Amino acid sequence: CRQCLGKELLDATPVFDIKIGQLWAASPRWKEIQHWLNRQVGIESFAILDDDADMGLLLSHLVKTESFVGLTPEIAQEVINRLK
C-alpha cells in the first residue's frame, strides 16, 4: 500500500510473481530489488532488510531480520554501521 502506518511510502520494488494456473510462483526477491536499483540515480551504498536470505547477487547487502520480530535496535545499528 502507498499509505502504511500513517506514513507515505515513497517508492516500492516491483513484484515479478507470475500466476501459473491457480497458483502463484514467487520471483526471487533479489531480482525485484536489482530491477529497482537499476532505475535509481546516485545510490552509493544500500542495505537490504529482509527476513528471507534469497538475495542472490545482492546477498552481501542483506541484513537479515526475523519474520515476527522485524527491525530491532541491534539490526538498526548493523545497518548504520554498514552504510558508514
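Predicted model: local features only at pLDDT ≥ 70, side-chain atom pairs only at ≥ 80, totals over all residues.
Residues are numbered from 1 along each chain as its sequence is written, and side-chain values use heavy atoms, with hydrogens and water left out.

The protein chain contains two helices and six strands, where helices (H or I, at least four residues) and strands (E, at least two) are DSSP runs numbered from the N terminus. Along the sequence these elements follow the pattern β-β-β-β-α-β-β-α. The C-alpha trace spans about 45 × 30 × 25 Å along its principal axes. Of the 84 residues, 18% are buried; buried denotes under 20% relative accessible area, exposed over 50%, and partly exposed in between (1.4 Å probe, protein chains only). Among contacts (heavy atoms within 4.5 Å) with a separation of 6 or more, 22% join residues 24 or more positions apart.

In soluble globular proteins, nonpolar side chains tend to be buried together. The largest nonpolar core here consists of seven residues, namely W30, I33, L37, I48, M55, L58 and L62. Such a core is a set of buried Ala, Val, Leu, Ile, Met, Phe, Trp, Tyr and Cys residues joined through side-chain atoms within 4.5 Å. Helix 1 (residues 29-38) gives the most to this core, with three residues. When residues up to four places away in sequence are not counted, M55 touches R29, W30, I33, I48, D50 and L62. Under the corresponding exclusion, L58 is in contact with W30, I33, Q34, L37, F46 and I48. L58 is located in the loop between strand 5 and strand 6 and is buried, with a relative accessible area of 5%.

Within helix 1, the buried residues are W30, E32, I33 and L37. Seen down the helix axis, they fall within an arc of 160°, so they line one face of helix 1; the arc is that of the directions from the helix axis to the C-beta atoms. These buried residues pack against strand 5.

The largest pocket holds about 410 Å³ of space. On a 1 Å grid over the protein atoms alone, a pocket is an open set of points with protein on both sides within 12 Å along at least five of seven lines, and lining residues have an atom within 4 Å of a point. Grid points are joined across faces, edges and corners, and the volume is the space filled by probe spheres set on the points. The lining comprises 13 residues, of which T13, R29, I33, W36 and A47 lie nearest the centre. Helix 1 supplies the largest share, four residues.

Two further loop residues were examined. G56 lies in the loop between strand 5 (48-50) and strand 6 (62-64) and is partly exposed, with a relative accessible area of 43%. G56 and R29 are 27 residues apart in sequence and 8.6 Å apart in space, C-alpha to C-alpha. D11 occupies the loop between strand 2 (7-8) and strand 3 (18-20) and is partly exposed at 38% relative accessibility. D11 and W36 are separated by 25 residues in sequence and by 9.4 Å in space, C-alpha to C-alpha.

Conventions
1 Å grid on protein atoms, 1.4 Å probe; cavity = no way out; pocket = protein on both sides within 12 Å on 5 of 7 lines; lining within 4 Å.
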